[in-house]
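Keep the 3D view open while you read, and look up each residue as it comes by.

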Amino acid sequence: MKKIGSLLALLVLSISLFAQDGQGRGQRPEGAGASEGRLYGRILDDKTNKGIEAASVRLYLIVKDAMGAPKDSLVGGMLSKANGDFSVEGLSTAARFRLTISAIGFKAIDQEVAFNRKAGNETDLGNFKLEQEANTLDVVTVTATKPALQMGIDRKFFDVDKSLTAAGGTGVDVMKNIPSVNVDVDGNVTLRNNTPQIFVDGRPTILTLDQIPADNIERVELITNPSAAFDASSTGGVINVILKKNKKLGLNGLASLGAGYPDILNGNLTLNLRQNKFNFFVSGNYNQSGGIATSKSFRENRKAGIAQNYFNQVSDADRLRKFGSVRFGVDYFLDNRNTLTLSQNFVNGNDRNDETQSQRYFTLNNDLTQYGDRLANSKNDFNRSNTQLLWEHKFAEAGKKLNADVTFNTGSGSSRSLITNSYFNPDGTVAAPTNVVRNDGGDNSDQLTIQMDYVDPNGDHSKFEAGLRTFINDSRSNFNAFSVANGAETKLPLSNNYKYREMVNAAYGTYSNKLGDFRYQLGLRAEISKFDGELIDSAKKFGYTYPDKIGNLFDALFPSVFITKALSESEDIQINYTRRIRRPNFWQMNPFVDINDPLNLRQGNPALRPQFTNSFEFNYNKTYSSGSFLGVVYYRRTEGDITQFSDTITAAQYEQLNNAAVDPNAIVNTFINANNTNTWGSELTLQQRVGKNFDFTPTVSLQYTKVNALLDKVDLSNEGFNWEAKLIANYRLASKSKILNKLSLQAIGEYESPEILPQGKRKDQLSLDAALRKDFLKGNKGTLTFSVNDVFNSRRWGTIYDTDNFYQDSYRRRNVRSFRVTFTYKFGKSDFNLFKRKGGEGGGMDEGGGDRG
């Protein structure tokens, strides 16, 4: 009898769906631009709490006819699985629905449901016990068109798809387009002039941003003052790069191809196949860019503050960078509430650099005394691998979940270079024998992250979160330097063979609730860290352990407090406090001397210790019909600030490096711990729409910094004010002309004022990027983008150092103005079925009706 009833229910449901074809499934309510989502749940026997199989589930779209009378339209349905699971997809998140559940021998359910505000595009409707009425969920309204930047009280979300200028580029190009984020000449990212923690999909990565294709990035999350739930080492904030992973039904994909100047070539193919319990995804990417970049240095050598002579240096570097990546994986939906995900990412690439350098030496009267020419040819190769296994369990209660994952990153690389230095007298005669240095090296690195997070909301306002995390980083490298003369090679003291291990164990807990008009979150994180480094050839060891003794237990504790008051439905204020740590990395501690630039050497300081920062913020957030505004005032006090320090090379150091083509007046750049640094700042971000087709986002950052530093009784303290401004403007043409219609324009301009350093200042920067995008083909599946990076060729990184021993004004650049054309094509087939059924049964709804489980 049960089987006959099930067959009858399936027959009725199929006929109903067929009759509604064209007006039910895929039909949108008034908010036609709303995103698609999924409603799912489980049907249980009220007495046994066991799942009910073959219960008929129907979902009706609630609409009204021209007279305002209700006129429901069937949009989906299915028969529940053996465990009672059901799921319906392709639903507008802005709509309201009527859910009916019936089964032979059970009381039917008929109720209104909608997407939950906290659950996003997927809402778990919970368990339905057929003998009991379920509570109706709150209705949620979703804005049809989301801006590129969405602002929250504690974080910002940047939609990369709306960044025209980054199309076909890398993660570095994406970062240039985000308010509050700055990128220097080497691709290093800062957030409010601090180095943030970079994550990929919420986990540490071995990749650099220029090794991540922009076309593979879905969005970027910015968290300026992270709570206890995040790494304590995120003193400079957190930038979380979320990679694309489509979960739409059937076969979907995206292909792009681009080319430009200088030496620009890129291609990307992304495929996604979702069928029954599986979601397969794979992407491949190739990216290449080149160009000749110029660097200049002008130096005045001093003695006790008095000028002695002058030195000028000009370099031209012809750089060609190539890398390719393959990423693939699978989601396995065990049921509606349990998902396993396994993903793998491989990246391989190389970087070739051919540099010519001109050196000029002058007397105090600007008479030329000597000049030199330097040729440096180098090539670096790298391989990276990322493996990740995740398990997600969702409970019946909305928002309650448990996540556990293991992430393993591994990488290797090799480097080769040949440096030739020639010196001449003013008349062109040889002043010294030609100096030749050959370098080679290799490295290996492994990173393991094991993490578990638990989230338990209790009602509308209360929430408890907790987690455990272990991070282990093992790295080993060897570098060999040889002086080449008369066909023979002599190994130099510059050679470096090292290994290190970094380990951080952490646990955290946060609790949030509401007290009257105030919402609050209290959190505490505990981290125990250990770093062991060793120079293998000399058996010299260095590192740290925090906390190193019971008396320093507070060094392992990192509290956070967030208090928010809603002034209205669209306006709130927040005060927050966090304590963070910044641990010195290996290169900041490694005493190895880098001679890539013979006049500006780099060397680590093994005596460095971690810095601790107490950070306070006041946020004001206001949203209105045509935009939003976020204002932030903050204060940071950092004890033991890790700060760059520069001085001329000592006689002992020069003697050690004499055969390495190093100048006797070279500057050695290293790091020290300042006493403390105090920073006051404000950040103002406005999003404004003007009409239907134009929007702009200006950001202004103001900052005053005071550095207190004393080194060997030498006062290096400095203070000063700096400011930055960035403007992102977008305009979309709406024209009857086929050429001009659906044409988008984007311009991004940025200015950074001079910024103080302990011994000088960074110079100001000004840059402009622009792009045009044309959407065409049916459904806007085709896109053609033309972008110009650094329109005025003005993006450069410069510094001025002013000490008793030298004054140096210099700038350098890594990339040059570039032009790129990128074509992108989106495709998909929702009814594509890889697992064809026998007997022609594959044409109807599959077993899950688009079910996730």
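What follows goes from the overall picture to sheets, a surface patch and salt bridges.

A quick note on the ground rules: this is a predicted model, where local features need pLDDT of at least 70, side-chain atom pairs count only at pLDDT 80 or more, and totals for chains, interfaces and linings use all residues. Residues are numbered from 1 along each chain as its sequence is written, and side-chain values use heavy atoms, with hydrogens and water left out.

**The overall picture**

The protein has four helices and 49 strands; these are DSSP runs numbered from the N terminus, with helices (H or I) of at least four residues and strands (E) of at least two. Of its 853 residues, 50% count as buried (buried is under 20% relative accessible area, exposed over 50%, partly exposed in between, with a 1.4 Å probe and protein chains only). Now for contacts, meaning heavy atoms within 4.5 Å: among those with a separation of 6 or more, 68% are between residues 24 or more positions apart.

**Strands side by side**

Two strands pair if DSSP finds at least two bridges between them. Look for Arg-42, which sits opposite Asn-127 in β7.

Another open sheet has four strands, ordered β31-β32-β36-β35, and its pairing is mixed too. At its edges are β31 (593–594) and β35 (642–648). Strand β35 is joined to β36 (residues 667–673) by seven bridges, running antiparallel, and Ile-642 has Asn-673 as its bridge partner.

Further along, β41 (residues 718–733) runs antiparallel to β38 (residues 694–708), with 14 bridges between them. Tyr-704 is partnered with Phe-721 there. Strand β41 also has ten bridges to β42 (residues 743–752), again antiparallel.

**A nonpolar patch**

Which strand gives the largest share of the nonpolar patch? That's β49, with four residues. The patch lies on the surface, has about 950 Å² of accessible area together, and includes Tyr-261, Leu-745 and Phe-823. Patch residues have over 30% relative accessible area and no salt bridge; nonpolar side chains (Val, Leu, Ile, Met, Phe, Trp, Tyr) are joined within 5 Å, like charges within 9 Å. The areas come from the Shrake-Rupley method with a 1.4 Å probe, and for residues only the protein chains shown count as cover. Phe-823 is in β49 and is partly exposed, at 33% relative accessibility.

**Salt bridges**

A salt bridge is a side-chain nitrogen of Lys or Arg within 4 Å of a carboxyl oxygen of Asp or Glu. The whole structure has 37 of them.

| Pair | Closest N and O atoms |
|---|---|
| Glu-112 and Arg-96 | 3.2 Å |
| Glu-617 and Arg-192 | 2.6 Å |
| Arg-319 and Asp-351 | 3.0 Å |

Arg-319 is in β19 (residues 306–335) and Asp-351 in β20 (residues 338–362), so this pair ties together parts 32 residues apart in sequence. Both Arg-319 and Asp-351 are buried. Glu-617 is buried as well, at 5% relative accessibility, and Arg-192 is buried at 7%. Glu-112, however, is partly exposed at 28%, and Arg-96 is partly exposed at 35%.

Finally, Asp-231, Arg-469, Arg-525, Glu-527 and Arg-583 are linked in a network of salt bridges.
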